[in-house]
Amino acid sequence: MVSLTSRIGVLGSLTLAIVLCWGIKTESQSGTDIPRTDHGAATMEYQQRLLDKLMPEVDATKVPEGFDPVIWDAFIPQNNEMTASRVALGRKLYFDKRLSEDGTVSCATCHDVTRGFTDQRPTSEGINGQIGRRNAPTTLNVALLQTLFLDGRSPSLDHQARLPIVNPIEMGFATGEESAAAIRNDEEYQRLFQEAYGRGVNYEDIGNAIGAFERTLVFLDSPFRRFLLGDDMAISADAKEGWRLFNEKARCTACHQMSLSNPLGTDNRFHNVGVSARHQDFESLAKQGVQALKEDPSEQKLEELALATDMSELGRFMSTTNRSDIGSFRTSMLLNVGITPPYMHDGTLPTLWDVMDHYNKGGEANPFLDGGMEPLALSEQEIDQLVAFLFALTDQRFAEENEGQMKAQKAAAAKSRAFRDDDMAFRQKLAFEDRISK
Amino acid sequence: MKPTYKSVETRYMEERKEFFDSLKKLDRRSFVKVSTAALGAVAASGLTPPFSFQPVNVSFRSEAASQANSFRFAYISDSHLYERDLNDRFVRSLMRAVDDVNNLDPQPDFVFYGGDLAQLGQPLELELGAQILKNLKAPLKIMVGEHDWYLDMGEKWKDLFGEPTYSWDHKGVHCVTLLSVVEKDFWTARGMSPMDRMKTVAGLDNSVQSPFTVGAPQREWLKNDLANYSDDTPLIVFSHSPLYKLYKAWNFWTDDAEQVQAILSRFKNVVVIHGHTHQMLTNRIGNIHFHGLLATAWPWPYAPEGMPPLTVEMSRPDPFNPQDGCGDGEVQVHTDGLVDKIYNFWNRNPLTVARAYTASWGQEAIPPKPNRPSY
Amino acid sequence: MSWKSKSALLAAGCAALVVLLWGISQQGLLTGSAQAAVQEQQGQALADAHLAQWKRKNPDRVADWVAEEKERHTVQPPADNSHLLKGGQGEGHTYGQYTERDILTWAREAEKLVVEGSRIFHDASAMGSAVAVSCDMCHPHAANTHPETYPKFQAQMGRVALLRDMINWCLENPVRGQRLPADDPTMRALEAYIYAQRKGVALNYGKH
């Protein structure tokens, strides 16, 4: 005979257990129980709570830990020094969907705190479900990038932050002023803008503030960094071997330069590694690109072309019209690369093993291929070691997500390695050989 | 045997090949439609025809090539091939150059190969080179470099490519190809084997070898060959060594240059196109305009002395890109015989040394100077 | 056995013994000096054989290999120290009393390492190239190596590079050989040659 008290007790503890589990799960980073909203992004509230947990204290005025103060200083624009009010304003704007024409897209839609500060999609989705042509880079650690966008058409974070707002397939306002108008009536914003920049709500400061906020997104604390700083046990033996290969046989450092003073793993330069050349009409697009730019060389036209048309494949060429830039994109940063799949400017490489296959065979031959791309003759074991190293570049705060990615990518790679070409990798067949054979 | 995967790219290449094969089967009307559209786009873009469909950022335009009988040829030079099992990089670079030239639209009148096809003059190296060059769509004219010659004194070369010295006329221009890497015998007295001799010559800074010459027999041949041409016949001389004296220590030198130049002096306009130097190089001596060819294999640094004042040096190649400073190119020949020399650098913007530049002794159409040192 | 046969046997035995002893003595097994003489003879024969073999394998090192290499490839000479033979402060300062032989030795030894470097610099197999590429193919006379600009931060190496780091990078990449440890004789010779060829150029570390 079960007593009432014990029944209540059981029921109570059961309820408590359920509540606890629910509570823990929603606060975790596992993908299954995160509340999602427009365009697959986690809800803005959820993202902000998670961000609070990831970065509990942010002192905007201090040099983030791990950065050389002289170098850090050089990356803050003169007219946008870091203050707590600017960072707070920028953060509010980053998560604000009113900055999109239909109110469904904020920066955090495609640069989602729960998805590696990107969207983990090949290319991104904007208003009205329109799909763009470029993979969204992560906003983690963007402070040290010298140019923004994968084709480098933006010279600073502040400038870049403004452009998706007026892009017809991203956030969709016709002009920047319209976006400012959309939030001008909010008294909170009026106060924040005054405090931060001493003037009213305006489009230019929207970009400045978001830039200031993004500069605080410093997530450098990877196992690899701890290894560099002296903890020999921080990474596995495989990862250590991968690091050696990275610097030697695999030639990664030619473009993915990594050091304590440049922790990002990018040279900030633009290279054609052949990804764009996989698009069948790439070479005829080059011809069309010149024509379109002749008609209308404005910045907005450049924006539209870059994302809306196939000419996005021409990369940096769209900004510089230098022939040597055709099909060139900025070397991606490697920090936190484990949690930002899929890879390359068009998101066509789903796993890091596919990335290794691409480089192992020397990319894809095309008339503008970077001469530094060579077949590497890496064995399976060496590829695994390099991938182990790459997964060691993720900040400890994302360790769980990183583990999950590693397992998922490994499983996917075990099933299919679509970009692999052993003949090319081991120099049995050479780049350009197929193209010239009659 | 390693397991092979057919990657998406291989499948794409097969589809692409199928596509181009099917293009050939287009009936005339559709073909005209396709090519007119292409031509229209090129014309509208305001680019001059030599650059084909590849859009370029040129610092200035070369003069309109609308004069009758002016023509264009492409060039590839200095590939220094080893057998592909030994060194795949040099082979790949030559293939890239062939691909570049095959992509030119319209195709050039001919392709000129500037010498040093092989690295050590070995039969397999020369055969490999010949095989790769067979893939060129346009007709090939070829020239000897010292690396091709000194293993067997040209036996294999003549087998594959015929006589090293020859001439022909093309659209009113008389073209001559010389064997200008003739060296006085330095090997017999030292009891050198053929490979010893070849390796000595193959070392640019090896001072045991003799300076390059054209030599008396060839100078005689040249005089006779030119005898029936009037002084205002446009003349292009192809030579591996520069036909002037730049830097003896590296054999950037032709020892009987003055005598050769004397034979050419009566002509109004002479252009010398030379290999061997693996760099952007421009010179003018009297009526002779000298232009160097780019290599596909590797770039040379500039000589520490003796640089011709007309040369605008290219900036120092980046060692982290093994193809930087290399490439191929084209020569636009005008009716008066003077040329625009186009350097098609890989991973750099192409650069043109225009006819007006050498014609004006460097006063007009000055090529852009590099923003980085040339060392 | 009769007396006669016994003495005959004895005589034969003695003769055999004498012969044996004589034979042994030829081997020096008995007397110390004889032993030493044969050993020396054998040793000399072995040494001669080894030298002959080495000469066959290294024909161009039999003669003055330094002069031979210098004939093939111009090498900058080391500094002229003859001014150290002049002046009077040598009196009472034993360390300062340089002689001509000192000067000669310094020059000769410095030059030998540099010339050895030149030899390796021009020889793809000596530096272990898998693709038959030697340094002089891109750097005739070590041109364009600019050793006076090191140390410099080389982003692709992720650290400040010394000349030997760049040599190692070249060994691994265009030459496709093995990297060398810092005090490997080959590395030291290559460094010596590259520095020597840039004699007289002012140091300017960090210049890109």
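User: In the antiparallel sense, how many bridges pair strand 10 of chain B with strand 11 of chain B, and what makes this count as pairing?

Analyst: In this predicted model, strand 10 of chain B and strand 11 (residues 288-292) of chain B are joined in the antiparallel sense over 4 bridges.

User: Why is strand 10 of chain B called an edge strand?

Analyst: Strand 10 (282-285) of chain B pairs on one side only, as does strand 4 (166-170) of chain B, and these two are the edge strands. They belong to an open sheet of 6 strands in the order 4-5-6-9-11-10, whose pairing is mixed, and the twist from one strand to the next averages 20°.

User: Why are helix 4 of chain C and helix 6 of chain C called roughly perpendicular?

Analyst: The axes of helix 4 (residues 100-121) of chain C and helix 6 (residues 185-197) of chain C cross at roughly 100° and come within 7 Å. Angles of 65 to 115 degrees count as roughly perpendicular, and the two helices are therefore described in that way. Among the residues that make the contact are Leu113(C), Val114(C) and Phe121(C) of helix 4 of chain C, together with Ala189(C), Leu190(C) and Tyr193(C) of helix 6 of chain C. By class, the residues of this contact divide into 9 nonpolar, 3 polar and 1 charged.

User: What makes helix 15 of chain A and helix 16 of chain A oblique to each other?

Analyst: Helix 15 (residues 352-360) of chain A and helix 16 (residues 380-391) of chain A pack at an angle of about 125°, with their axes 10 Å apart. Roughly perpendicular ends at 115 degrees and roughly antiparallel applies over 145, so the pair is classed as oblique. Helix 15 of chain A passes helix 16 of chain A in a right-handed crossing. Leu352(A), Trp353(A), Met356(A) and Asn360(A) of helix 15 of chain A meet Ile383(A), Leu386(A), Val387(A) and Leu390(A) of helix 16 of chain A, a contact with 7 nonpolar, 1 polar and no charged residues.

User: How many residues of chain B and of chain C are in contact with each other?

Analyst: On the chain B side 17 residues are in contact with 17 residues of chain C, and those of chain B divide into 11 nonpolar, 4 polar and 2 charged.

User: Where in chain A is the pLDDT below 50?

Analyst: Chain A averages a pLDDT of 88, and 89% of its residues score at least 70, but over residues 20-30 of chain A the pLDDT is below 50, and this stretch has 5 contacts in the model beyond near neighbours in sequence.

Conventions: Residues are numbered from 1 along each chain as its sequence is written. Chains are lettered from A and ligands numbered from 1 in the order in which they are written. This is a predicted model: local features need pLDDT of at least 70, side-chain atom pairs count only at pLDDT 80 or more; totals for chains, interfaces and linings use all residues. Axes are lines fitted to C-alpha atoms, for helices over the stretch in contact, and angles run from 0 to 180 degrees between N-to-C directions. Angles under 35 degrees count as roughly parallel, over 145 as roughly antiparallel, 65 to 115 as roughly perpendicular and the rest as oblique. Two residues are in contact if their C-beta atoms, placed from the backbone, lie within 7 Å. Ala, Val, Leu, Ile, Met, Phe, Trp, Tyr, Cys and Pro count as nonpolar, Asp, Glu, Lys and Arg as charged, and the others, Gly among them, as polar. pLDDT is the predictor's confidence in each residue, from 0 to 100. A crossing is left-handed if the near helix is turned anticlockwise from the far one by less than a right angle, and right-handed if clockwise. Two strands pair if DSSP finds at least two bridges between them.
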